[in-house]
Amino acid sequence: MTSRSLIPIRIISNLRRLDGIKTEKYEANSQYAGEKETFWDGVCLFFRAQDKDILVLTGGTWRVVGFCLMKSLWPFNSCRLVAVDFILSRPQGWKQSIIAWFKGRLLQKVDRFVLHFKDTSDYERLYGVSPSKCIFVPFKVNYWEKLSPEDRFSEVEDYVFTAGRSYRDLPTFIEAMRRVDYPGLLLYEEAALLKRSATDVDLSNLPANLAAEKNEGEQSWVEYIRRAKIVVVPLLPSTMYAPGLSLYLMAMAMKKCVIVTEGLATRGMLKDEAVIVAPKDPEGLANAITQVWTDDALRRKTAESGRRYAERCGGESRLLSDVVRICGDLCMPSLSKQQ
């Protein structure tokens, strides 16, 4: 199929690089929606999107809610809505439960939720999001196109490594490292940033075998991962989305063995591609670290499986193509009338 026969989709989106993305059937003609993530911005986008086929938003929830409110009040706007990587939080207390109910009612106006995890049962139970509207799309490997052959096939194996900020169970990782003799490295963020991302860490009493260094940017992960023997992704079980995907996919792409906490980031997605451990279990994590460190065959087999999984996930171009394909299939009846 030539580019001339591709069906154009008129999109407004905050995905900066969506414009011009092509699939086997569709081509995205995307206008940038801006970076604001407020309720009012969602209301304004309702009017900006009236001549578009579809609005595609990723990031904050209130902009989506603002658009949905206007869609409820004025249903004659035919622009569809796709929410990508849409993150909802678990309500705590009666006030948040009321807000969740209000959000859930309005979110019925979302046509598709593109999510990077498969288990959406909490979205349905707490917000009334229909499973039929949820589409699983694998996350991307960050810097996939920029990883050098040395990065992708590094055989350096110096330490047990962890990093990241969202919903990290760093206390469990620290206690697990206290139970083993292997060298470790914890790449940490600013305390305030960690706290905003539901992560707590106390660096004042680390075991002697665990060093801590401050993160200077996500791209610095590449060098740290390249030197790791094992990459651990310790996650809290309370989250309603899948944290840790960036770290474990980058590690897999660089052919490193990953140990990850069971949860939304693994359920229905990973099997032999990683060693999966129970949440909040320092002893179990320590045993997994020991097994992977000492069993060369297990470590290399797991790393090979993870590498193949990362290759299937690919980079940003694959992810954006999937988004355009979903948009095109959703709008196909109206797009056919335009041809």
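Modeller: Happy to! Let's take helix 9, which is mostly covered: nine of its nine residues are buried, where buried means under 20% relative accessible area, exposed over 50% and partly exposed in between (1.4 Å probe, protein chains only). Helices (H or I, at least four residues) and strands (E, at least two) are DSSP runs, numbered from the N terminus. This is a predicted model, in which local features need pLDDT of at least 70 and side-chain atom pairs count only at pLDDT 80 or more, while totals for chains, interfaces and linings use all residues. Residues are numbered from 1 along each chain as its sequence is written, and side-chain values use heavy atoms, with hydrogens and water left out.

The buried residues of helix 9 are Leu245, Ser246, Leu247, Tyr248, Leu249, Met250, Ala251, Met252 and Ala253. Their cover includes helix 5 (149–152), strand 7 (159–162), helix 8 (221–226), strand 10 (228–233), strand 11 and helix 11; contact here means heavy atoms within 4.5 Å.

Helix 11 deserves a visit of its own. The axes of helix 9 (residues 245–253) and helix 11 (residues 296–313) come within 7 Å and cross at roughly 110°. Axes are lines fitted to C-alpha atoms, for helices over the stretch in contact, and angles run from 0 to 180 degrees between N-to-C directions. Helix 9 is therefore roughly perpendicular to helix 11, on a scale where angles under 35 degrees count as roughly parallel, over 145 as roughly antiparallel, 65 to 115 as roughly perpendicular and the rest as oblique. The crossing of helix 9 past helix 11 is left-handed, a term for a near helix turned anticlockwise from the far one by less than a right angle, with clockwise giving right-handed.

On the helix 9 side, the contact is made by Tyr248, Leu249, Met252 and Ala253, and on the helix 11 side by Gly306, Arg307, Tyr309, Ala310 and Cys313. These residues of the contact between helix 9 and helix 11 divide into seven nonpolar, one polar and one charged. In that sorting, Ala, Val, Leu, Ile, Met, Phe, Trp, Tyr, Cys and Pro count as nonpolar, Asp, Glu, Lys and Arg as charged, and the others, Gly among them, as polar.

Now for what follows the helix. Just after helix 9, Lys255 takes a positive phi of about 60°. The side chain of Lys255 also meets that of Glu304 in a salt bridge (3.0 Å, N to O), the term for a side-chain nitrogen of Lys or Arg within 4 Å of a carboxyl oxygen of Asp or Glu. This pair links distant parts of the chain, 49 residues apart: Lys255 sits in the loop between helix 9 and strand 11 (257–261), and Glu304 in helix 11. Lys255 is partly exposed, with a relative accessible area of 30%, and Glu304 is likewise partly exposed, at 33%.

An α-helix has 3.6 residues a turn, so residues three or four places apart point the same way. Asp296 counts as partly exposed at 34% relative accessibility, whereas Arg299 counts as buried at 3%. Elsewhere, salt bridges that share partners join Glu24, Arg318, Asp322 and Arg325 into one network. By this rule, the count comes to 24 salt bridges.
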